[in-house]
Amino acid sequence: MGETITHALFYYDETEDKLKRFDYPENVDVLNIGSATTDKVGNVWVTSRSGFFKISPARKLSKIELPAGITSQESVFSLRTAIDQSGTIWIASANSALFSFNPSTEVFNMYSLKGLTEDDRKPLVPSSIAIDAHDNIWLGASGAIIFFDQHTKEFQLFSKPSEKQTDGGLVYCMNFDSFG
């Protein structure tokens, strides 16, 4: 798992023109932050080796209990997040699943990536997540890009175009351009 980082969440204080450390309540540890994203109302959603957290605009930190099937212990990068236009938080999990989380109801839904390849012994492990202008979910994995249409709840796998290519091409980060 590598080095444990116990206090790695910082913010920029505009009034003092300083970078400051975000202090956690004494009873909470946020270890090894893997991803953070901000919703339309200013909440910051953080994944870490310690789990899933919300920081309100008033700087109140609260832990969101993850459902069975999501674990954040394997790696700092086991959970990757993105937020769609409706405010749904999408979590790509290292256990070959995509989860949606509705912050209003605090309900999770799971969409399994199993069965997308011919060999389920080699699981698809998402390492990145992005959402396009139509709220489609895109996941990057080793040797593949996975498309999820959240309206039809169906996946489409785009894998390497030729078997002559070497394995191990990891899609670590994805972004969308402005020209379609």
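Residues are numbered from 1 along each chain as its sequence is written. Because the model is predicted, local features need pLDDT of at least 70, side-chain atom pairs count only at pLDDT 80 or more, totals for chains, interfaces and linings use all residues, and side-chain values use heavy atoms, with hydrogens and water left out.

**The sheet**

The order is S11-S12-S13-S14, with antiparallel pairing; two strands pair if DSSP finds at least two bridges between them. Strands S11 (128-131) and S14 (154-159) stand at the edges with a single partner strand each, so one side of each has no neighbour in the sheet. From one strand to the next, the twist averages 20° (angles run from 0 to 180 degrees between N-to-C directions, with axes as lines fitted to C-alpha atoms). Strand S13 (residues 144-149) is joined to S14 by six bridges, and Ile 145 has Phe 158 in S14 as its bridge partner.

The side chain of Arg 80 reaches the backbone oxygen of Gly 34 at 2.4 Å. Contact means heavy atoms within 4.5 Å. Not counting residues up to four places away in sequence, Arg 80 touches several residues, including Trp 90 and Tyr 172. With that exclusion, Ala 141 touches residues including Val 125 and Ile 146.

Definitions and conventions:
Polar contact = N/O pair within 3.5 Å; in protein donor to acceptor, adjacent residues only side chain to side chain. Helix = DSSP H or I, 4+ residues; strand = E, 2+ residues; numbered from the N terminus.
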